Amino acid sequence: MKKVELLSPAGGFEELISAIQAGADGVYIGAKEFSARAYAKNFSEDELIRAIDYCHERGKKIYLAVNTLIYDEEIDRALKLLEIAYKEGIDAVIVQDLGLLSIIKKEFADLPIHASTQMTIHNLLGAKVLSRLGVKRVVLARELNINEIKNIKKGAEIEVEVFVHGALCISYSGQCLFSSILFKRSGNRGQCAQPCRLYYKLLNKDKKIVDRGYLLSPRDICLLDYIPNLIEAGVDSFKIEGRLKDKYYVYTVTSIYRKYIDMYYQTGKIEINQEDRNKLFLVFNRGNFSKGYLDNPSYDNLIFKSAPNNTGLLIGSFYFKDNKLFIKTSYDLTNGDVIAFRSEKFEEVLFEINNNISKYQDGKVEVDIDFARKKVLKNASNSQVFLVKSKQLEDEVDKILKKEKKFRKVDFEVTIKRGENIKAVAKTGSFEAHATGPVPEEAKSKPTTYQNVLDSFSKLGNTVFDMGELKVYLDDNVFVKISDLNLLRKELIEKLSRSITCSFKRSVQKPVEMLCHSKKDQNSKKKTAHQKFSFVIDSFSQYQKVKEILHSRNIENFNIYVPYTLIFNHKFSDNDIVYFDRIIHDNDIEKINLKALREKGFKKVLIRNLGQYELLKDQFDLCFDFSFNVTNSFAADLVRNLGAKRLCLSVELSKQQIERIWEHSPNDLEIETVVFWKIPLMVNKLKFFEKGSYLQDRKGELLELVSTQTMKNEILNPAALYIDDKEVPADVIRFDFTACSDSEIAMVFEKYFDGKVAKLKLTKGYY
């Protein structure tokens, strides 16, 4: 039975060592560029090479996350990074960008590719497409329940990786523009500013407050209890989140998951003790853990509204007596610990223990605290105390990490014959090393014994090797210096280590083509004389309004995108294009009526994920939407080869970047650019729109909440994207009127075509 892989994060080399020493089967890391955790320490070129060797010497896997969207002008740098990693023996690369995926298949055909969770793969059909594209493993969207995971694993010929612990994004990963649009720090580029962790108010349609707090901040997930369920579902890899976390987090979480994974394989069940749970709470959690989406959680199960930061471990309560502050706890506090006093509203006062407490026998601890903090605490209406940093735990981890864990048994064979050079062989698994020493001397007093050789060769110290079998062929009455035996052992171990690490190295058969430059040699596309227009609507009244305005303005070269849910009750034109939700789980796919689509006369569809592509290819003309996150011409080539007739580019592109893709796209692929849109900042499974109509941020801005066709929740940017450049480099100019009133639609037409002032808050985005 193939055991599930335990995959741990490593933001830097310290964390990598912690993960491997704690029992991880593999680690995932990022380089200084193209990592979805751009603010982690990450690995330089030299560190990357050293990390690959470190893992392979210990029999562990190492994966490089190159999981951001990449611009055309960056392709060469990404290729150079990939070439280094490929040559040095990286076990796989984790990729989001479709263009990069296609380049890897061309330039490094035997390099395994893992599809990042940023690819938003959340249905079986999408996983099947990736398998055909040559992807070895898919990191599934975190919004799937256990049955959906099981169905994908059973139905697609692809490895499945699932996040089991750590921070949770409130948006479907890869479909969040919140940080990007608000702060120009793109989550798709590894620069997320985490606006979901900020304070918001929820308002109803009358702008009355119905809720408040950190309304978009999810609890961290902990799926320790689900280890048996996930293994039985066929999951290939358990992934721990945390490339921004320190070595204490990485070691603690990894070692605990290692313990219970092994327990399941040994006994068929797991029994989790409270001490291990407490350690997980201590190293990091947000308001207790959740089970994520595995059991279809409620909003309150998933979101912790009180605070967005580390909660720590609840260890007791505090109270005042005779103007003195006391803690009631069974925990043995020590110097270096950091505790947090918290009120019922989760207002927090942090305090470091440093010879400033007095302990009493009944579990009472008197705290010597400054006047200012004492004054704040006296107003606290509740009395909880949390441990947020444990010096004892950190000391335990540091002590363990000082000593190298043994990963490989090594057998030695030493031949010491009179008149011949000493011969020695070391073997571990399929690896072997040979070395020779000096000719032994005649013994004058004490001849060399088997024990002498054993004592020397078993001194494996701080290496990855543990002593196995020793065979010694030794002539009588010969003498070898202990220092010579030690040098021989050292040489063998160094050669054996090199043999192991070198076995993973690869050579490049031909020089890697600098693809970015080769694109420049293609003939540029000439701007079409008559641009097409497209219009996205979300209701039949919008459809009628748009048709009315188009008719009055004699605009004829256009398409209207209509939602799938509208086609059954209204009549539409043959030239209209049906669109579906970005997020469409397996149970949503089952409800799509292809026969009805054809009978209604539709010839074109707008697809928003790979699952929809698999469902609708070869039956309709395909338009690929912005949700495919196309930011370079190589990704455009890929979707064109999949059959795309039209491609709407990412909104995270400048005019120059759009122009480059447009100029180098073939004439049979229409490039579409959005010039008006109330941009959805994120899409999630939580139905905020059932409780309110707006989120209000700390600056008073209102973010509208809307539901999608399949009842997912979108949060709209308060400022609409508007590009008034009439020379937009595109074949199709799109206006998206989702969530617009009739008057707003008319206003946008008048502004764009007549130059009138529109009473709308607008932004140019990245343009």
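The second largest pocket has a volume of about 560 Å³. A pocket here is an open set of points on a 1 Å grid over the protein atoms alone, where a 1.4 Å probe fits, with protein on both sides within 12 Å along at least five of seven lines. Grid points are joined across faces, edges and corners, and the volume is the space filled by probe spheres set on them. The model is predicted: local features need pLDDT of at least 70, side-chain atom pairs count only at pLDDT 80 or more, and totals for chains, interfaces and linings use all residues. Residues are numbered from 1 along each chain as its sequence is written, and side-chain values use heavy atoms, with hydrogens and water left out.

The lining of this pocket holds 26 residues. Lining residues have an atom within 4 Å of a point. Nearest the centre lie K685, K687, T710, M711 and K712. The lining divides as follows.

| Class in the lining | Residues |
|---|---|
| Nonpolar (Ala, Val, Leu, Ile, Met, Phe, Trp, Tyr, Cys, Pro) | 10 residues |
| Polar (the others, Gly among them) | 7 residues |

Now the whole chain. The protein chain has 23 helices and 38 strands. Helices (H or I, at least four residues) and strands (E, at least two) are DSSP runs, numbered from the N terminus. The C-alpha atoms fill a box of roughly 115 × 80 × 45 Å along the principal axes. Of the 767 residues, 58% are buried, meaning under 20% relative accessible area with a 1.4 Å probe, protein chains only. Among contacts (heavy atoms within 4.5 Å) between residues at least 6 apart in sequence, 72% join residues at least 24 apart.

Helix α4 spans residues 98–107. It is largely enclosed by the rest of the structure, because 7 of its 10 residues are buried. These are L98, G99, L100, L101, I103, I104 and E107. D97 caps the N-terminal end of α4, with a side-chain oxygen 2.7 Å from the backbone nitrogen of G99.

Strands β8 (residues 200–203) and β9 (residues 209–213) pair in the antiparallel sense over 4 bridges. Pairing requires at least two DSSP bridges between the strands. Y200 has G213 of β9 as its bridge partner. The hairpin has 5 residues between the strands, and K207 takes a positive phi near 65 degrees.

L401 lies in helix α13 (residues 391–401). Leaving aside neighbours within four places in sequence, L401 is in contact with I17, S18, Q21, K247 and Y251. L401 and Y473 are 72 residues apart in sequence and 37 Å apart in space, C-alpha to C-alpha.

Key. Buried < 20%, exposed > 50% of the residue type's maximum accessible area, 1.4 Å probe, protein only. Polar contact = N/O pair within 3.5 Å; in protein donor to acceptor, adjacent residues only side chain to side chain.
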